Amino acid sequence: MNTSTNHKVDRHSSMPVYQQIASDILARISQEEWCIGDKLPSEGELSEEYSASRVTIRQALAKLESEGLIDKQRGKGTFVKSNPGIVIQDLFIPQVGIKKKSDIVAADIKLSVTTSVSAQILNHLAIEPGTPVVYLERLFLRKGRAIGVNRAWFPEAMVPGMAKERLVNDSITDTLQQRYGIEFSSIENYIEAISMDGVMAHMLNANALSLALKISSIYMNQEGKPVEYAVTVWNGSDTQFHVVLSSKQEMGK
């Protein structure tokens with residue numbers, strides 16, 4: 001788990017700060033940053049992370065505990081008890097065409113190395129606990145407006161030094177190809193519609209509870225090994241995806 005990222009709250013929002021924090025923690029559980037059985041950061045760590053008082057943090061945790069999502073154990077800490085979860089519907093898409101928007105750029109790119117991530121991320125990357133992982137966070141901008149937030153994790157052994165240098169062309173794909181010779185052989189996506197919590201809405205300059213599209217992706221290299229796990233949230237009012245479905249016969253043309 002990477003707790004170095006500062007999760008902001010919107011002080012001008014009509015939503016109480018404790019509720020914004022509770023919503024953000026819930027979103028992070030839903031995104032599998034913390035899985036069932038994982039221990040949450042201490043009240044002090046959360047207080048620093050959200051720039052909020054411990055009283056406010058306790059209110060947020062009490063709300064989540066009342067909803068049966070976390071379990072506070074005296075002398076041990078607070079643990080994830082359940083995940084609201086999503087219904088996963090398998091969809092076979094033989095070919096996907098994405099119309100690239102040249103005016104979408106990456107900004108505010110943050111890179112770091114951590115050995116503390118959730119069990120789910122370890123599973124997605126097929127690595128053991130304690131394995132160094134490169135963590136990336138960035139915004140996607142279109143004409144200066146934030147329309148998406150991307151978070152990604154990579155086994156550090158596959159991308160040594162990645163956290164110390166700027167991305168090639170501010171692009172993960174270009175960096176993996178040109179610096180490490182990694183090509184993607186397949187991508188597994190999980191797509192769901194969500195309502196933005198106060199923190200995500202603040203990052204995307206949107207209203208709380210605005211609709212967004214969350215895409216969780218597992219990228220496999222030429223050898224069929226996972227090289228990246230990413231979660232991207234797109235502002236629903238600012239983005240549109242063009243997906244083309246074709247038959248297997250058409251793919252061979």
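The questions below go from the sheet to the ring pairs, then to the helices and salt bridges.

Author: This is a predicted model: local features need pLDDT of at least 70, side-chain atom pairs count only at pLDDT 80 or more, and totals for chains, interfaces and linings use all residues. Residues are numbered from 1 along each chain as its sequence is written, and side-chain values use heavy atoms, with hydrogens and water left out.

Reader: In what order do the six strands of the open sheet lie?
Author: Helices (H or I, at least four residues) and strands (E, at least two) are DSSP runs, numbered from the N terminus. Two strands pair if DSSP finds at least two bridges between them. The edge strands, S3 (104-114) and S6 (186-195), each pair on one side only. The pairing is antiparallel, and the order is S3-S4-S5-S8-S7-S6.

Reader: At what angle to S5 does helix H5 run?
Author: Axes are lines fitted to C-alpha atoms, for helices over the stretch in contact (heavy atoms within 4.5 Å). Angles run from 0 to 180 degrees between N-to-C directions. Helix H5 (residues 172-180) lies across S4 (133-142), S5 and S8, and its angle to S5 is about 35 degrees.

Reader: Is the aromatic pair of Trp153 and Tyr229 stacked or tilted?
Author: Rings of Phe, Tyr and Trp (its six-membered ring) pair if their centres lie within 6.5 Å; planes under 30 degrees apart count as stacked, over 60 as edge-to-face and the rest as tilted. The count comes to four aromatic pairs. Trp153 and Tyr229 lie 5.7 Å centre to centre, with 25 degrees between the planes: stacked.

Reader: Which face of helix H2 do its buried residues line, and within what arc?
Author: In H2 (residues 43-50) the buried residues are Glu43, Leu46, Ser47, Glu49 and Tyr50. They pack against helix H1 (17-30), helix H3 (54-66) and strand S1 (70-73). The arc is that of the directions from the helix axis to the C-beta atoms. The buried residues line one face of H2, because they fall within an arc of 165 degrees.

Reader: How far apart are the closest N and O atoms of Glu49 and Arg28?
Author: A salt bridge is a side-chain nitrogen of Lys or Arg within 4 Å of a carboxyl oxygen of Asp or Glu. Glu49 lies in H2 and Arg28 in H1, so the pair ties together parts that are 21 residues apart in sequence. Glu49 is buried at 3% relative accessibility, and Arg28 is buried at 1%. Their closest N and O atoms are 2.8 Å apart.

Reader: Which residues are linked with Arg28 in a network of salt bridges?
Author: Asp24 also forms a salt bridge with Arg28, at 3.9 Å between the closest N and O atoms. Asp24 and Arg28 are four residues apart in H1, so about one helical turn separates them. Linked with Arg28 in the network are Asp24, Glu33 and Glu49.

Note on methods:
Buried means under 20% relative accessible area, exposed over 50%, partly exposed in between (1.4 Å probe, protein chains only).
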